[in-house]
Amino acid sequence: MADALRPPLFVPPAPVEPDALDIPWSLVVDLVARRLNLEGVSSPSALQRELKLPHPIIEAVFRHFQKEKLVEIRGTEGVDFMLGLTTAGHRFAADRQLATHYAGPAPVSLATYRSTVQAQAVRLKINRYQLRRIFSDLVVESDVLDKIGPALISQKSLFLFGPSGNGKTSLAERLVKIYEDAVVIPYAVEVDGQVISVYDPVVHHKIEMDCPGLDPRWIVCRRPEVMVGGELSAEMLELRLDPASNIYAAPIQMKANNGILVVDDFGRQVITPATLLNRWILPLDRRVDYLTLSYGLKFQVPFELMIVFATNLEPKHLMDPAFLRRIPNKVLMRSVSDRSFIEIFRREVARYGFEFDPVVA
């Protein structure tokens, strides 16, 4: 349950005035202009809600637009006045749209993103009882729990291997349940004036939690779990630029920061194991990754996540000893014992409302 989660370890404070913003003022001005151009007519409170910017900053942009004759008041709605762009304002917005069409929540700076991700790094203390609880709907051998526990505490990469159909994927899917605290995820990150979209409702599960003073450009979420399978390609590991909108999408490992990334059926992806591991050899060692904008600017982002590889292939056929050393936690998932199979059978029989007979199993 969301209310059972602890609050985030770090709450980025909301900027209360333009000087406290961590992104260029020109970017904020462009963002408001594009939003007004998109809406046609809007109010300061609507702009505040859509762009996730505090009222004093929206007010400062409005005063700037008035001075430059880019905006005019088109009436009132309740206690709010309605704003619309002038002819000069539409020209300005159209010009700024050439750079990017982004008109969503204001991004945070790369420096703020780095420090927040690092402040939210996992600090786990777990015991056998907690492990049993998160895997309560599975039948897991005790020796597997003995290996999974230290792997989770270390938060270093984990390699699950063994025959098909013995629960590797099911176990990997439940690992995220061990985290008992929430995190904050930014809608977007600004780098060199470019916008990188980070928040993805498919992998980031928003929760309602009171966090006084939280910068509205951040969303309180469960720690993310990203799962990829055979569809994983080299392009998914890099920034992807939409040529129509000039908006970048964050790669999967950036979306998984402060959580878990599961590579299921490892070895059966579009990308070869060697290519994937060569791409991640430095991040696995140093907990930082390097991404590149379309015009060649390279920058550093945190690689603060746990990667879980699950496969039914032999590890020695997938990687050389140098790579194996960088994945310190290796767990062999053997075929289930007779005792475990009978317990699985008992649970399934109960689920369908039938009478259990161990002889049938």
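Below are my entries, from the whole protein down to single residues.

**Ground rules**

I am working with a predicted model, where local features need pLDDT of at least 70 and side-chain atom pairs count only at pLDDT 80 or more, while totals for chains, interfaces and linings use all residues. I number residues from 1 along each chain as its sequence is written, and side-chain values use heavy atoms, with hydrogens and water left out.

**Entry 1: the whole protein**

I looked up the secondary structure and found 13 helices and 17 strands. Helices (H or I, at least four residues) and strands (E, at least two) are DSSP runs, numbered from the N terminus. The C-alpha trace spans about 85 × 45 × 30 Å along its principal axes. Of the 361 residues, 49% are buried. For this I used relative accessible area: buried is under 20%, exposed is over 50%, and partly exposed is in between (1.4 Å probe, protein chains only).

How do the axes of helix α1 and helix α4 cross? I found that α1 (residues 25–39) and α4 (residues 87–97) have axes that come within 9 Å and cross at roughly 110°. The axes are lines fitted to C-alpha atoms, for helices over the stretch in contact, with angles from 0 to 180 degrees between N-to-C directions. The two helices are therefore roughly perpendicular, a label for angles of 65 to 115 degrees. I also noted that α1 passes α4 in a left-handed crossing, where the near helix is turned anticlockwise from the far one by less than a right angle.

**Entry 2: salt bridges**

Side chains of opposite charge can pair when their charged atoms come close. My rule for a salt bridge was a side-chain nitrogen of Lys or Arg within 4 Å of a carboxyl oxygen of Asp or Glu. By this rule I count 22 salt bridges.

I started with Glu 59 and Arg 63, whose side chains meet at 3.8 Å, N to O. Both lie in helix α3 (residues 55–67), 4 residues apart, about one turn of the helix. Glu 59 is partly exposed, at 24% relative accessible area.

Next I took Arg 334 and Asp 143, which form a salt bridge at 3.7 Å, N to O. This pair links distant parts of the chain, 191 residues apart: Arg 334 is in the loop between β17 (329–332) and α13, and Asp 143 is in helix α7 (residues 142–154). Arg 334 is exposed at 52%, and Asp 143 is partly exposed at 33%.

Is Arg 174 buried or exposed? Arg 174 counts as buried, at 16%. Its salt bridge partner is Glu 173, with the closest N and O atoms 3.9 Å apart, and Glu 173 is partly exposed at 34%.

I also wrote down a network of salt bridges that links Arg 6, Arg 133 and Glu 180.

**Entry 3: a nonpolar patch**

Which residues make the nonpolar surface patch of about 280 Å²? They are Val 336, Phe 341, Ile 342 and Ile 344. For such a patch, residues need over 30% relative accessible area and no salt bridge, and nonpolar side chains (Val, Leu, Ile, Met, Phe, Trp, Tyr) are joined within 5 Å. Ile 344 sits in helix α13 (residues 338–351) and is partly exposed at 32%.

**Entry 4: a buried strand residue**

Last, I checked Leu 160 in strand β5 (residues 158–161). Leu 160 is buried, at 0% relative accessibility. The C-alpha atoms of Leu 160 and Asn 312 are separated by 8.4 Å, and these residues are 152 apart along the chain.

Technical notes:
Patch = residues over 30% accessible without salt bridge, like charges linked within 9 Å, V, L, I, M, F, W, Y side chains within 5 Å. Areas by Shrake-Rupley, 256 points an atom, 1.4 Å probe, with all protein chains shown as cover. Parallel < 35°, antiparallel > 145°, perpendicular 65-115°, else oblique.
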